[in-house]
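Open the model in your viewer and keep the selection tool at hand.

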Amino acid sequence: MTGVVIGGLLLSAGQSSAATVTVDKTLNYTCPFPLIGDQKLVVQIQTVVETPANEGGELKAGEFTATVTVPETATQGLTLVGAATVEGGGSAGITLNNAGIALPIAIPDLAVAKTNVPASGSFTVTAKGQVPTAYPKQGPTTVVVGDFSTTLTPKRADGTPTGLGTFESKCKMDAGQDAKILDFVVGAPGGGGTTAPTTEPTSGTTEPTSGTTEPTSGTTEPTSGTTEPTSGTSEPPTSEPGGGGTPITVDKSLNYLCPFPLIGSQQLAVQIKATLTPPAAAGGDLTTTDFSAIATVPPTATQGLSLVGAATVEGSAEAKVIADNAGSKIDITIPGLNVPKTDVPASGSFTVTASGDVAPQPVPAAGETVINVGDFTTTLTPKKADGTATGLGTFDAPCKLVEGQDTELGRFTIGGGGGTTTPPTSGSTTPPTSGSTTPPTSGSTTPPTSGSTTPPTSGSTTPPTSGSTTPPVTTTTDVTTTLPPVLTQDPPAYSGGGNYPGGGSYPGSSYPTGNSGGLASTGASIGLPLAIGGALLLAGTGALFWQRRRTRNEA
């Protein structure tokens, strides 16, 4: 971060050299640097010049040296980015005013040797090089120093570049100074060198006072942010387990490592506050209110912001939360947190708050849920007092939790809710009917004529309903045992091969065979089938007797 001046003068050693002049001039320059802006540099220019007596002679200088005093503010900036050394090159311009003509002369390839950067305070950087030889014409002659530029590379102790990289700084001479370093007259060609410099340049022997005061802002030695916040490193869970809609108050302090431009990673203490309200039952929403994250910015970061001219900082943030819901992990992102405009002090630490609304989060499963905080990312814009952006522009800082901390924000347990804890019923709850409880009629109540082929009806053929998961209910209906009328013939066999009514299958039905479909499964008394069987036997015997008697009478 330094400027290297080059006001070297021209020339010397001609065949008619008239005089040797020692140049020692101190001037002030303003040089722009990355992030920290314009800085005042004091530059001492030294060389020895031989001036010609006559036209045709050489104006020639010995080794040119420019010693630059780097102010303490620039040293702080270099230290913040981790610079252990600085090196580079430069170029300068001078103007040769000779015989009424102004001739610009460039002095290229000045070398800035590797120079150690101290931890604090000012230090000097030296640029050295050679000045081109000139051949002035007859007449009055002066040499004036102009502006210069440097190309510098700050490096870390291991030799790698810092976040500044390699940068160019174009330095302008402060107004109101006497920049002349030589004043002499060149004689006519071959004149024997009768004219020497009229006076030894006295300007420059007194150092100018303008701009020599080094900036004092930011002179407080940085503490490097090494003092770790003690809160949050060994805290127990911040709240007692809640549940069933009971709010949980969160107040948790944790440490994060956050990378910042140029100054690298800084440790921030962050206090998280919120109110968590669990759902009353599974499937409901976890609601979060009054959420805020208060970050304490360490003095080192404050110093870096001050160096770039930041008066305020503002932006946004995004936080991560991890929920363990009954053994299932749920990643939650909280976007759009607002970081309002916050004043940056001249030194020391200060706090920045991010806050905003948090969307409700469904909690799908019953059981215990544990909420833990994760990493966060902040997007910040430091601004100058006039509202314009600093050299940092807008930058992201993805912050990571320091390992080994208790990150739990709260836990709660909820039940199933919504009727999900009661198993659903399946199938019909109405017990199935098992056929008619009224015994079937066995033919017509009027004795049939002989030869009738009409089979008797035998009760309902509608099969019982099936598929019910509820066991059948025992029937308590009393059965009428009125004997049926006499049949004219034996009942036909059932085509389905079943054994109804003694407990077989219904023809063409899907009713289960065996005991599951028999009479016993209805719960009715066994006396009923016995009574029916007896009645049928008596009816058959009576019909046979009546038929034989009729035959005899006809005969």
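Colour the chain by pLDDT, the predictor's confidence in each residue, from 0 to 100. Confidence is highest in strand β16 (residues 350–355), at a mean of 96, and lowest in helix α3 (residues 527–554), at 57. Helices (H or I, at least four residues) and strands (E, at least two) are DSSP runs, numbered from the N terminus. Over the chain the average pLDDT is 73, and 62% of the residues score at least 70.

This is a predicted model, in which local features need pLDDT of at least 70, side-chain atom pairs count only at pLDDT 80 or more, and totals for chains, interfaces and linings use all residues. Residues are numbered from 1 along each chain as its sequence is written, and side-chain values use heavy atoms, with hydrogens and water left out.

Select residues 1–17 next. Their pLDDT stays under 50, and the model has 101 contacts (heavy atoms within 4.5 Å) for them beyond four places in sequence. Then take residues 418–524, where pLDDT also stays under 50; here the model has 95 contacts beyond four places in sequence.

Move to helix α1, residues 72–80. Seven of its nine residues are buried (under 20% relative accessible area, with exposed over 50% and partly exposed in between; 1.4 Å probe, protein chains only). To display them, pick Thr73, Ala74, Thr75, Gln76, Gly77, Leu78 and Leu80. What covers these buried residues? The cover includes the strands β2 (37–52), β4 (64–70), β7 (123–129) and β8 (139–155), together with helix α2 (299–307). After α1 comes Gly82, with a positive phi near 85°.

Now select strand β14, residues 312–325. β14 runs antiparallel to strand β18 (residues 367–383), and 13 bridges join the two. (Two strands pair if DSSP finds at least two bridges between them.) One place to look is Asn325, whose bridge partner in β18 is Thr369.

β14 also pairs with strand β15 (residues 328–343), in the antiparallel sense, over 12 bridges. In β15, Thr342 is the bridge partner of Val313. Go to the hairpin of β14 and β15, where two residues lie between the strands. Ala326 in this hairpin has a positive phi near 55°.

For the last stop, centre on Ala269 in strand β12 (residues 264–277). Is Ala269 buried or exposed? Ala269 is buried, because its relative accessible area is 12%.
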